[in-house]
Amino acid sequence: MLLNDTYSAEGFTPLVEAANAKWRKDDTINEEVKVSVERDRWSAWEQLRSGGFPTRRSESWRYSDLSVLLQKSFAVANSQVAIEKSIVDQINSIKAKGCLVLVFANGSFVPEHSSSKIGKMGSLSAVWRGWDTGLSAPDIMKFMDRSISVEVDGFALLNQAILSDGFWLRLGKNEIFSEPIFVFNIASSKEKPVFSSVSNLIWLGEGARATVVEVYCGSDQANLQTATTSTRLERGARLHWVRVQRAGANNFIGRHIAQQTELSELTGAIINLGAQFSRETIAISQLKDEAKTDLFGLTLLRERQHG
């Protein structure tokens with residue numbers, strides 16, 4: 001439904017309410033974190049209800065028709081899903097080569113398919129919500145969004161309103177991850193299409209180096225995945241970042257918000273291998289001179305796919 005040149009978000013009300021009820025009942029989450037995140041969730045939801053989703057009248061969305069996508073009804077994602085054997089085989093093959101692998105199914109961390117040493121590493125966490133960092137990941141993400149002055153669209157707000165998990169990588173001065181880190185995000189449902197989201201944070205200290213590969217894939221259902229990755233690179237830090245989207249029948253909307261200081265390097269690619277609907281938003285702020293950014297994109301679409 002159009003409302004003041006935007007699409008109304010009211011159709012997502014049952015989804016947001018169900019997701020927050022599920023969050024409140026989760027006894028594994030620190031109570032202080034739970035209260036803080038829930039407050040941020042409702043704030044994002046109120047902004048979304050007020051502002052709605054963008055239409056093609058918005059300059060940055062003029063080539064993206066959301067009308068069909070927003071007519072669909074999505075259920076709260078169930079993390080207890082079976083992952084297709086072909087994807088499990090691919091994950092095991094990558095782990096066998098010595099790479100670190102984190103696996104998320106419908107927005108929730110799946111430890112049984114992830115690298116066993118993840119929990120023993122202080123600089124890498126699969127669930128940022130349990131970190132004692134002085135600042136919560138959502139606080140840092142909001143700070144970075146404000147400092148870059150990136151447009152906060154309806155899907156970014158929806159991601160915040162149903163925030164659950166995501167990975168956190170924080171490296172100190174001159175710390176180097178020699179192995180690539182692969183992060184699989186799988187959307188899967190057998191019946192009604194589901195909505196799932198992840199919010200990731202990469203913070204590399206002075207001279208630190210890492211390679212991160214995010215892979216988004218899904219089932220034959222028309223699920224909706226949203227993902228936000230926020231990156232901060234200190235002086236001389238180097239990040240090679242790749243996002244591969246092969247959602248198939250799914251719908252995918254991603255964002256990468258990055259801050260770079262002097263002599264830092266951000267390289268990598270966005271590879272879009274098709275979805276019913278897919279869109280990427282990239283916002284990079286070079287806070288100091290002599291920072292380097294080198295990203296490229298590749299999109300391959302089949303019939304009736306939008307990217």
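Let's start at Asp294, which sits in strand E17, residues 292-299 (strands, of at least two residues, and helices, H or I of at least four, are DSSP runs numbered from the N terminus). This is a predicted model, in which local features need pLDDT of at least 70 and side-chain atom pairs count only at pLDDT 80 or more, while totals for chains, interfaces and linings use all residues. Residues are numbered from 1 along each chain as its sequence is written, and side-chain values use heavy atoms, leaving out hydrogens and water.

Asp294 counts as partly exposed because its relative accessibility is 44% (buried is under 20%, exposed over 50%, partly exposed in between, with a 1.4 Å probe and protein chains only). Beyond its neighbours within four places in sequence, Asp294 contacts Leu266, Thr267 and Gly268, contact being heavy atoms within 4.5 Å.

Now turn to helix H1, residues 13-24. Its buried residues include Leu15, Val16, Ala19 and Trp23. Looking down the axis of H1, the buried residues fall within an arc of 165 degrees, so they line one face; the arc is taken from the directions from the helix axis to the C-beta atoms.

Technical notes
Expected span 1.5 Å × (residues − 1).
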